[in-house]
Amino acid sequence: MFALIILGRSNIEIAQELHVSLGTVKTHTGRVLGKLAARDRAQFVISAYETGLVRPKPR
């Protein structure tokens, strides 16, 4: 799910891709944001890059 959030997928797109309910995606996303103390998805993505969880693709 981390990768899909970072790629900018919506909750509905994540649910369809992972074959889970929209509620499940919302619950997991909310818990991830809470554990990382991120206000929103944008802050989550920034934190993922800053901590090295994600690296930019080389050009």
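Reply: pLDDT is the predictor's confidence in each residue, from 0 to 100. The mean pLDDT of this protein is 91, and 100% of its residues reach 70 or more. This is a predicted model, in which local features need pLDDT of at least 70 and side-chain atom pairs count only at pLDDT 80 or more, while totals for chains, interfaces and linings use all residues. Residues are numbered from 1 along each chain as its sequence is written, and side-chain values use heavy atoms, with hydrogens and water left out.

Me: Where is confidence lowest, and where is it highest?

Reply: The lowest mean is 89, in α1, and the highest is 97, in α2; helices here are DSSP runs (H or I, at least four residues), numbered from the N terminus, and strands would be E runs of at least two.

Me: OK, on to the core. Which residues have the most contacts inside the largest one?

Reply: Ile-6, Ile-14 and Phe-44 do, in a nonpolar core of 13 residues. Such a core is a set of buried Ala, Val, Leu, Ile, Met, Phe, Trp, Tyr and Cys residues joined through side-chain atoms within 4.5 Å, where buried means under 20% relative accessible area, exposed over 50% and partly exposed in between (1.4 Å probe, protein chains only). At least two residues of this core come from each of α1 (2-6), α2 (11-18), α3 (22-35) and α4 (41-50).

Me: What does Ile-14 touch, beyond its neighbours in sequence?

Reply: Leaving aside residues within four places in sequence, Ile-14 is in contact (heavy atoms within 4.5 Å) with Met-1, Leu-4, Ile-5, Arg-9, Val-25 and Arg-41. Leu-4, in helix α1, is 10 residues from Ile-14 in sequence and 6.5 Å from it in space, C-alpha to C-alpha. Leu-4 counts as buried because its relative accessibility is 9%.

Me: And α2 itself, which of its residues are buried?

Reply: Asn-11, Ile-14 and Ala-15 are the buried residues of α2. Seen down the axis, they fall within an arc of 100°, so they line one face of α2; the arc is that of the directions from the helix axis to the C-beta atoms. These buried residues pack against α1, α3 and α4, whereas Ile-12 and Gln-16, on the other side of α2, are exposed.

Me: How about α4, what do its buried residues pack against?

Reply: The buried residues of α4 are Phe-44, Val-45 and Ala-48. They cover an arc of only 100° around the axis, which puts them on the same side of α4, and they pack against α1 and α3.

Me: Switching topic: how many aromatic pairs are there?

Reply: There is 1 aromatic pair. The ring centres of Phe-2 and Phe-44 are 5.8 Å apart and their planes lie at 25°, so the pair is stacked. Phe-2 in helix α1 and Phe-44 in helix α4 are 42 residues apart, so that the pair links distant parts of the chain. Rings of Phe, Tyr and Trp (its six-membered ring) pair if their centres lie within 6.5 Å, with planes under 30 degrees apart counting as stacked, over 60 as edge-to-face and the rest as tilted.

Me: Is Phe-44 buried or exposed?

Reply: Phe-44 is buried, with a relative accessible area of 0%, whereas Phe-2 counts as partly exposed at 41% relative accessibility.
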